[in-house]
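Me: I would like to go through this model term by term and ask what stands behind each label. Please set the values against the definitions as we go.

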Amino acid sequence: MNAFRRFPWLFILPSLVGFLAFNAGPILLSLWISFTHWDVFQPLSLENLIGNWAGLDNYRRMLEDPVLKKAFFNTLYYVVVAVPLEIVIALAVALGLNRNFPGVRIVRTLYLLPTVTSVVAVGLLWRWVLNPYVGPVNLFLRWLGSKIEALFQFLHLPVPATVHWLATQGPGWLQDAAWAMPGIIIASVWAGLGFRMLIFLAGLQNIDPTYYEAAELDGANNWQKFWHVTLPLLSPTVFLNTLLALIGGFQVFGLIYVMTGGGPLDATNVLLFYLYQKAFGEFPPDMGYASAIAWLLFVILFGLTVIQWQLRKRWVLEEA
Amino acid sequence: MKRKTTFWDVLVIGLLLLGGLSMLVPFFWMISTSLKEPGSLFDLPIQLWPKKLHWENYQQVLTIVPFGRWYLNSLIIATGLTFLNLTSGAMAGYAFARFRWRGRDVMFLLSLITLMIPAHVLIIPLFVIMSRLGWIDTYYALILPGLFDAFAIFLMRQHFIQMPKELEEAALIDGAGPWQIYWKIALPLAAPALATLGTFTFLAGWNSFLWPLVATNSIEMRPLTVGLAVFNTNFSTEWTLLMAGLSLATIPPILVFLLAQRWFIRGLTLGSLKG
Amino acid sequence: MKGRKWLGLLLVLLLAPALAKTTVTVASWGSQAEIELYNQAFKAFMEKNPDIEVKLLHIPSRDYWTKLSAMFAAGKAPDLIFINNINFPAFAAKGLLVPLEPFIQRDQFDTGMYYQGILKAFEWDGKLYVLPRDVSNLVVYYNRDLFKKAGLPDPDPDWTWDDFLKTAKALTVEKDGKRVQWGLSFYTYFLFWEPWVWSNGGRFFSEDHTKFMLNSPASVEGLQFYVDLRYKHHVAPTPAETADQSAFGMFLNQRTAMIVDGRWRVPTLKKKAKFDWDIVPFPRGKAGSIVDIDGSGWGITKAAKDKEAAWKVLKFLAGPEGALIFTKGGLIIPAIGYDPLNPEATNKVLKAFFQPPPPKHQQYFLTVNKTAMPTETFERFSEAIGLISKALQPVWQGKEDVKTAMDKVAPKVQKILDEVQAQRKK
């Protein structure tokens, strides 16, 4: 195996060239910019970067910024709820679609449609679906609530306040600070499902069918086959997908931009949206502060990634 | 191997179909809007499907803006990015999966860093670099950044790791070098992963907006996403034209995905979950 | 014959350096129709000035500054940029524009033809940097059919807030204990409620931007009057009643009888309205009828290579000839009013503005400009209005009164104002 024990120059070269030419420079520059008050309308030159040196100003400012704090916790809320949902649902769908039935290709394509459809169309549609007054979700919830209410009345029991609320009003979704984030989570888990599902599907294709045959000979049932064969063999893909979902979750943006614009009252203002506001949304832009937020995001993600990287040896097959 | 279809199979397929159909709704809505009379956004009651189909929206979008040119640009950009990405990403992914060298893990984590810094703060520095190279408003600026993509490397690495090593080891014993093994054995076996990656890259390239917006000056160099933004101005959006353009824009990615699934078949016929 | 040929060649050789064309790039946002108007204007200009080539750098409106900032950062700024007065102070404070006075004085360019309100809005530190193209303001659109149904005559152009309230009440219709029609549509974006503050004698900030004034009695009273239209008098629909319809959609569908809106609604109304409609000036409050006059125009960047050429282009685009082209397009209200110094040219522009009715009384789009004032913008206005808009969210939902909300946000906005003052002194 000696041939595989040296640095594979040839294999790495194209990526390395791309990295050095188009990634390393902007990344280092953005780090530098985060320590300056550089104004984006001034030429990005050594002179201007040095002349506008701000030390830790932008980072200190983050500590006192209540909106940033809110955005941070909103992001955390989103990640903690949305990422597990994404992974579990996408895996379930992938398992279901990893079989042959007539039209399976079409069904798989259906799941990818939201990724193809413009985010504006998806966002606007969800805004209507979640409209508290006329949206189908609340129409259904009110109908459900009124049935439950009727049941209580039929049994001559006092109607609980929540049931009455459901029957007459229901959640305010995007217009209510408490319900806006759940609304965003539902929409974005739904819209991102196809992407995660497809990665799982590709991983499932790689599993050698002889393993299942062996398991069947041992008399394993479906659940045991999933738990003892599929999941371990799929673990590299699960690792990949979880890591990507985390990174993506911390950078959720598109649907928030279209559906709520960070509102109401900053309830859906997340780190990337806030950064976008600072870099491009407000005028004049504040690239120094935006870059500092970007690097805060980076530190969080890098920390999480390193932890997962270390832990992977415990559960990801073939990595050990 | 043939199995009876059980009640559970029907239930599962039914649920999957239901989920899939829900995915169709915004797509349907986009197309229905594209066929409505201009300005009918305000009509009450809301029409699910227009009574009279206004195909002229499509005719308009094809004639009043350089739609064909934008379409071609999008195709060139997305195809170029996909090609670069598959080539360089698969090679690097294979290196990280099979080779061992000092500092390999550090290098890999380093490449993941690029996924963790939001592109928004990188765009202006990248523009300045491209501008120095004189590549603004050319395909170079739009395609070459695809040379390095951590997502591609990561995806390919995980797939090579997951692949059984036996064939490669046998070839090694037969005296093949890493390069030969990669081309002749590993890469063909990675077809499902390549198909997945290709779909994603094409989609990402096709949908990309902010970078092409910043990196192009002339209207003729724009991809569709940026070009169609002309229908979306501060005080009014021409929904019908915008949606007509966007509907036409969904055709290539859907074709790509349907096509990419051909390479899934191998796994499907051999290893369906319940065998 | 031969001699002439030689002479011709000699001429070409002599003129060659002069014939080398200067290129002037104009950055602008705009719809497809506007792009075509630009091309028309450029063509007209280049016919007269064959030595200058004018190029459009079109940028989608939502990402206008993203693209421009990248170009400035790379040292590739365009020669002319299109800018609105709301972003103007923030940009002018950076010192990236060229003051226009020297050019104006030298060429005796007549700035008297513009509405003074918008011209003033493009001054920074006492100097003019931008020549305006268009203005936007607000008028009251009304549904004459619904007025007639309620037995109301056309509103008097000099009506008061009291008249307005009475009219709105008369136009609000209830059926089985439920409102089915309202007096007016309700907007919450700041451009639409500025007139309620100003016409009551209130302000956003003191004139020198030292003090936050939206929590002053006059401002609060004016804005509260507006909010009361929705909750106290209930002559405008609440969020629940609006549901997923837009304010304009409700007017178009005859659910509301009036809407305070801008000129940009005319094309849609002409096409889609199934009723007789017209416009009337905003009602008079304690301080008069003061709506916003905001607008946009072009300025020359310091980065422009050939400033003379850039000025020539600017003079043409913003002058009567350019204004005529853009006005004919039917999309804008020209920034040029009638000018006794230049009656023929300005009259042409005005005439181009008047298109076949409706609205019958379209002259109000122009007359309101006399008392209108520009948005009280300053270097960090975008940040300040963001805070104010956020603070008003509970007010629009009827959960808080204006005074409480504005008092709450006052220290935050005041802090921005103080920082701006400190910055200005530097």
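This is a predicted model: local features need pLDDT of at least 70, side-chain atom pairs count only at pLDDT 80 or more; totals for chains, interfaces and linings use all residues.

Me: Why does His209(C) count as buried?

Reply: A residue is buried if 20 or more other C-beta atoms, placed from the backbone, lie within 10 Å of its own, exposed if 12 or fewer, and partly exposed in between. His209(C) has 21 C-beta neighbours inside 10 Å and therefore counts as buried. Leaving aside neighbours within four places in sequence, His209(C) is in contact (C-beta atoms, placed from the backbone, within 7 Å) with Phe378(C), Leu417(C) and Val420(C).

Me: What makes strand E10 of chain C largely enclosed by the rest of the structure?

Reply: In strand E10 (residues 256–261) of chain C, 6 of the 6 residues are buried, so the strand is largely enclosed by the rest of the structure.

Me: In which sense does E10(C) pair with strand E7 of chain C, and in which with strand E9 of chain C?

Reply: Two strands pair if DSSP finds at least two bridges between them. Strand E7 (residues 139–143) and E10(C) have 4 bridges and pair in the antiparallel sense, whereas strand E9 (residues 178–184) and E10(C) have 2 bridges and pair in the parallel sense. Met258(C) in E10(C) is the bridge partner of Tyr142(C), and Leu184(C) also stands opposite Met258(C).

Me: Why is H11(A) called roughly antiparallel to H14(A)?

Reply: The axes of helix H11 (residues 222–250) and helix H14 (residues 287–315) of chain A come within 11 Å and cross at roughly 165°. Axes are lines fitted to C-alpha atoms, for helices over the stretch in contact, and angles run from 0 to 180 degrees between N-to-C directions. Angles under 35 degrees count as roughly parallel, over 145 as roughly antiparallel, 65 to 115 as roughly perpendicular and the rest as oblique, and H11(A) is therefore roughly antiparallel to H14(A).

Terms used
Residues are numbered from 1 along each chain as its sequence is written. Chains are lettered from A and ligands numbered from 1 in the order in which they are written. Two residues are in contact if their C-beta atoms, placed from the backbone, lie within 7 Å.
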